[in-house]
Amino acid sequence: MLNNVMLVGRLTKNPEIIKTDNGSSRTFVIVAVPRNYKNTKGEYETDFIKCILWNAMAERTCEYCKKGDVIGIVGRIESRSYEKDGETRYDSEIVAEKISFLSSKSSKENVINEKDS
């Protein structure tokens, strides 16, 4: 079995660090990834993909990146279900295992792996 995702896109907002109760750091980012083909109107459509980054990856991303920066993420899809208003809802997100800062001023120095966290 294989669950592996690779994304390259732009951050849709400035990342912010969140501290968990156990002291871990995390941040949620939305990565805008344009599709590589045009729709019937001749326009490129964009997918907005929710990603979660933990510990060192989260901290460095908040430190070095801002809205509009291009980043690369390698990770896995994680899905979950929950109840809301009596309905079962489903949500998926990408859990980052490696991130590369591709357009920030420090991009040459910053590739962070989950193992570095």
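Modeller: A nonpolar core is a set of buried Ala, Val, Leu, Ile, Met, Phe, Trp, Tyr and Cys residues joined through side-chain atoms within 4.5 Å. Buried means under 20% relative accessible area, exposed means over 50%, and partly exposed lies in between, with a 1.4 Å probe and protein chains only. This is a predicted model, where local features need pLDDT of at least 70, side-chain atom pairs count only at pLDDT 80 or more, and totals for chains, interfaces and linings use all residues. Residues are numbered from 1 along each chain as its sequence is written, and side-chain values use heavy atoms, leaving out hydrogens and water.

Colleague: How many residues are in the largest nonpolar core?

Modeller: In soluble globular proteins, nonpolar side chains tend to be buried together. Here the largest such core has 17 residues. V31, C51, L53, I71, I73 and I99 have the most contacts inside it.

Colleague: Which elements give two or more residues to this core?

Modeller: Elements are DSSP runs, numbered from the N terminus: helices (H or I) have at least four residues, strands (E) at least two. The contributors of two or more are β1 (5-11), β3 (25-38), β4 (44-54), α1 (55-64), β5 (70-84) and β6 (87-101). β6 supplies the largest share, four residues.

Colleague: What pattern does the protein chain follow along the sequence?

Modeller: The order is β-β-β-β-α-β-β-β. That is one helix and seven strands.

Colleague: With which residues is L53 in contact, leaving aside neighbours within four places in sequence?

Modeller: Contact means heavy atoms within 4.5 Å. L53 touches S25, R26, T27, V29, A58, T61, A96 and I99. Now take the whole protein chain. Among its contacts between residues at least 6 apart in sequence, 56% join residues at least 24 apart.

Colleague: What percentage of the protein chain is buried?

Modeller: Buried residues make up 32% of the 117 residues.

Colleague: How many disulfides does a search of the whole structure find?

Modeller: A disulfide is a pair of cysteine sulfur atoms within 2.5 Å. The search finds zero. For C62, the nearest cysteine sulfur is that of C65, 8.7 Å away. C62 counts as partly exposed, at 22% relative accessibility. C65 counts as buried, at 7%.

Colleague: Where is L102?

Modeller: L102 sits in the loop between β6 and β7 (111-113). Is L102 buried or partly exposed? It is partly exposed, with a relative accessible area of 47%. The C-alpha atoms of L102 and R10 are separated by 9.6 Å, though these residues are 92 apart along the chain.
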